[in-house]
Amino acid sequence: MSQDMKEKLEKYRTAPFDARFPNQNQTRNCWQNYLDFHRCQKALTLKGTDVTPCDWYLRVYKSLCPVSWVSKWDEQRENGTFAGKI
């Protein structure tokens, strides 16, 4: 992993501005970062590479998403009823 990425992760406090989601309502941002995290993990695991770069998405969705949503989505993924495409 690049030194620049390591520095960004160390200094991480809360989700930075994302131009794709300029409005106050950050629900879509939460959802997208949750999906991106799991897609990233799946893709890098299949390639057999380090999944550390995926931690960025994890930190962003954890700072944006309510815990109840995340636990519900995790449960749905385990049961095979999750609505998103990972």
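Guide: A residue is buried at under 20% relative accessible area, exposed over 50% and partly exposed in between (1.4 Å probe, protein chains only). This is a predicted model, in which local features need pLDDT of at least 70 and side-chain atom pairs count only at pLDDT 80 or more, while totals for chains, interfaces and linings use all residues. Residues are numbered from 1 along each chain as its sequence is written; side-chain values use heavy atoms, leaving out hydrogens and water.

Visitor: Which residues of α2 are buried?
Guide: Helices are DSSP runs (H or I, at least four residues), and strands likewise (E, at least two), numbered from the N terminus. The cover over the buried residues of α2 includes α3 (55-64) and α4. Those buried residues are Asn29, Cys30, Asn33, Tyr34, Leu35, Asp36, Phe37, His38, Cys40 and Leu44.

Visitor: Is histidine 38 buried or exposed?
Guide: Histidine 38 belongs to helix α2. Leaving aside residues up to four places away in sequence, histidine 38 touches Tyr61, Asp74, Arg77 and Ile86, where contact means heavy atoms within 4.5 Å. Its relative accessibility is 8%, so histidine 38 counts as buried.

Visitor: How far apart are the end C-alpha atoms of α2?
Guide: The expected span of a helix is 1.5 Å times one less than its number of residues. For the 21 residues of α2 this should give 30 Å, and the computed separation agrees: 30 Å.

Visitor: At what angle do the axes of α2 and α4 cross?
Guide: Axes are lines fitted to C-alpha atoms, for helices over the stretch in contact, with angles from 0 to 180 degrees between N-to-C directions. The axes of α2 (residues 27-47) and α4 (residues 67-79) come within 12 Å and cross at roughly 40°.
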